Amino acid sequence: MVTGRTASDAMRLPIQRAQVENLYVEAMLLADEAHAAFAAQRDLGLVGAGGARRDALLQVSLACESLKTTTRLMHIIAWLLHRRAMIAGDPHAGPNDSAARIGEPVVVDWDICARFEVPLRRIVAASERLFDRIATIEAGWDAPEAATPVQAMLAELSARL
């Protein structure tokens with residue numbers, strides 16, 4: 001067991017490690033997919049049929065949502081890398097570091113995204129869902145453990161004495 005960890009922490013560690021590794025792979029694949037999809041959409045959208053320029057507002061919106069999606073994914077990846085370091089026992093990666101918290105989500109403007117093609121909207125939605133999953137996992141890991149029935153009974157007996 002790594003110094004400073006309780007027995008309960010040591011029991012949860014393999015589960016957390018597996019979750020972090022799986023989520024890291026998922027986040028990296030989604031980041032690659034997002035990069036490729038936004039780049040392709042940007043390249044396709046610059047010039048339309050017959051060489052006419054496409055909707056400039058749509059191009060700016062595409063750039064903004066691309067940046068938001070990328071930022072969301074980079075926050076996820078940074079959080080996962082920090083968790084990896086914590087699990088590995090890196091003394092420079094602590095639970096009170098700013099990278100130990102996923103923070104607030106970067107909000108998607110679905111009115112703008114409605115104008116994007118379906119595959120692009122799917123990627124944006126997937127990044128949003130992944131962020132929400134990470135936030136839920138973080139909240140669960142940071143929540144105090146519930147007392148077992150035996151611990152609850154001992155606490156009740158202690159309180160009566």
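The model is predicted: local features need pLDDT of at least 70, side-chain atom pairs count only at pLDDT 80 or more, and totals for chains, interfaces and linings use all residues. Residues are numbered from 1 along each chain as its sequence is written, and side-chain values use heavy atoms, with hydrogens and water left out. The protein chain has 5 helices and 0 strands; helices (H or I, at least four residues) and strands (E, at least two) are DSSP runs, numbered from the N terminus.

**Helices**
- Helix α2 covers residues 56-88, and its 33 residues should span 48 Å at 1.5 Å a residue; the end C-alpha atoms are 48 Å apart, which agrees.
- The expected span of a helix is 1.5 Å times one less than its number of residues.
- Gly 89 follows α2 and has a positive phi, near 85 degrees.
- Helix α5 (residues 149-160) has 12 residues that should span 16 Å, and its end C-alpha atoms are 17 Å apart, which agrees.
- The number of buried residues in α5 is 0, so this helix is hardly covered; buried means under 20% relative accessible area, exposed over 50%, and partly exposed in between (1.4 Å probe, protein chains only).

**Whole chain**
- Of the 161 residues in the protein chain, 32% count as buried.
- Among contacts (heavy atoms within 4.5 Å) between residues at least 6 apart in sequence, 73% join residues at least 24 apart.

**Core**
- The largest nonpolar core has 29 residues, and Leu 73, Ile 76, Trp 79, Leu 80, Leu 130 and Ile 134 touch the most other members.
- At least two residues of this core come from each of α1 (7-46), α2 and α4 (118-142).
- A nonpolar core is a set of buried Ala, Val, Leu, Ile, Met, Phe, Trp, Tyr and Cys residues joined through side-chain atoms within 4.5 Å.
- Leaving aside neighbours within four places in sequence, Trp 79 is in contact with residues including Ala 99, Ile 102, Ile 134 and Trp 141.

**Selected residues**
- Arg 42 lies in helix α1 and is partly exposed, with a relative accessible area of 41%.
- Not counting residues up to four places away in sequence, Arg 42 touches Gln 59 and Leu 62.
- Arg 42 and Gln 59 are 17 residues apart in sequence and 7.1 Å apart in space, C-alpha to C-alpha.
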